[in-house]
Amino acid sequence: MILIFGSTHDDVSYFEDQLKNKATEKIFGKYDLLTGTMFNQNVGIIYGGFTNYISAAIVSRIIAKNYVVLVINVGKGSAYGDGLKNGDAVISRQVYLGEVNQTGIQDAIL
């Protein structure tokens with residue numbers, strides 16, 4: 001599965017429109033994970049983690065339950081760098097992860 005994650009519905013609405021064979025399941029009884037196919041790939045789409053901590057818990061739960069090969073975080077972000085300006089699309093060469101596995105404390109924080 002390719003997981004597309006955003007903070008708001010606006011972040012993921014384009015991808016939601018492209019999804020075929022849609023199904024929905026609840027994550028933590030609160031967040032809707034929309035699944036289906038896009039370009040012959042299994043895709044999951046979810047939004048609503050307004051903090052890094054909750055976002056990490058949601059993504060960790062989905063990864064623990066599904067075979068996720070790629071997570072794409074879409075929407076507004078912030079970064080500092082020479083030559084970056086508002087509205088730039090950025091694709092990183094490296095990803096640094098911290099506090100990734102939240103499976104042990106997910107139910108406590110949500």
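The following exercises, each with a worked solution, concern the predicted model of a protein.

**Exercise 1.** Determine how many helices and strands the protein has, and in which pattern they follow one another along the sequence.

*Solution.* Begin with the count, which comes to 3 helices and 5 strands. Then read along the sequence, where these elements follow the pattern β-α-β-β-β-α-β-α.

**Exercise 2.** Work out in which order the strands lie in the sheet, and which of them stand at the edges.

*Solution.* First, write down the order of the 5 strands in the open sheet, which is E2-E3-E4-E1-E5, with mixed pairing. Next, look for strands with a single partner: strand E2 (20-27) and E5 each have one, so one side of each is left without a neighbour in the sheet. From one strand to the next, the twist averages 20°. As a closer look at one pair, take strand E3 (residues 31-38) and strand E4 (residues 41-47), which pair in the antiparallel sense over 5 bridges, and here methionine 38 stands opposite glutamine 41 in E4.

**Exercise 3.** Decide whether valine 69 is buried or exposed.

*Solution.* Locate the residue first: valine 69 lies in the loop between helix H2 (52-65) and strand E5 (70-74). Its relative accessible area is 56%, and since exposed means over 50%, valine 69 is exposed. Then consider its surroundings, for Tyr67, Val69, Leu70 and Ile72 make a nonpolar surface patch of about 420 Å².

Definitions and conventions
Residues are numbered from 1 along each chain as its sequence is written. This is a predicted model: local features need pLDDT of at least 70, side-chain atom pairs count only at pLDDT 80 or more; totals for chains, interfaces and linings use all residues. Side-chain values use heavy atoms; hydrogens and water are left out. Helices (H or I, at least four residues) and strands (E, at least two) are DSSP runs, numbered from the N terminus. Patches are made of residues with over 30% relative accessible area and no salt bridge: like charges are joined within 9 Å, nonpolar side chains (Val, Leu, Ile, Met, Phe, Trp, Tyr) within 5 Å. Accessible areas come from the Shrake-Rupley method with a 1.4 Å probe; for residues, only the protein chains shown count as cover. A salt bridge is a side-chain nitrogen of Lys or Arg within 4 Å of a carboxyl oxygen of Asp or Glu. Buried means under 20% relative accessible area, exposed over 50%, partly exposed in between (1.4 Å probe, protein chains only). Two strands pair if DSSP finds at least two bridges between them. Axes are lines fitted to C-alpha atoms, for helices over the stretch in contact, and angles run from 0 to 180 degrees between N-to-C directions.
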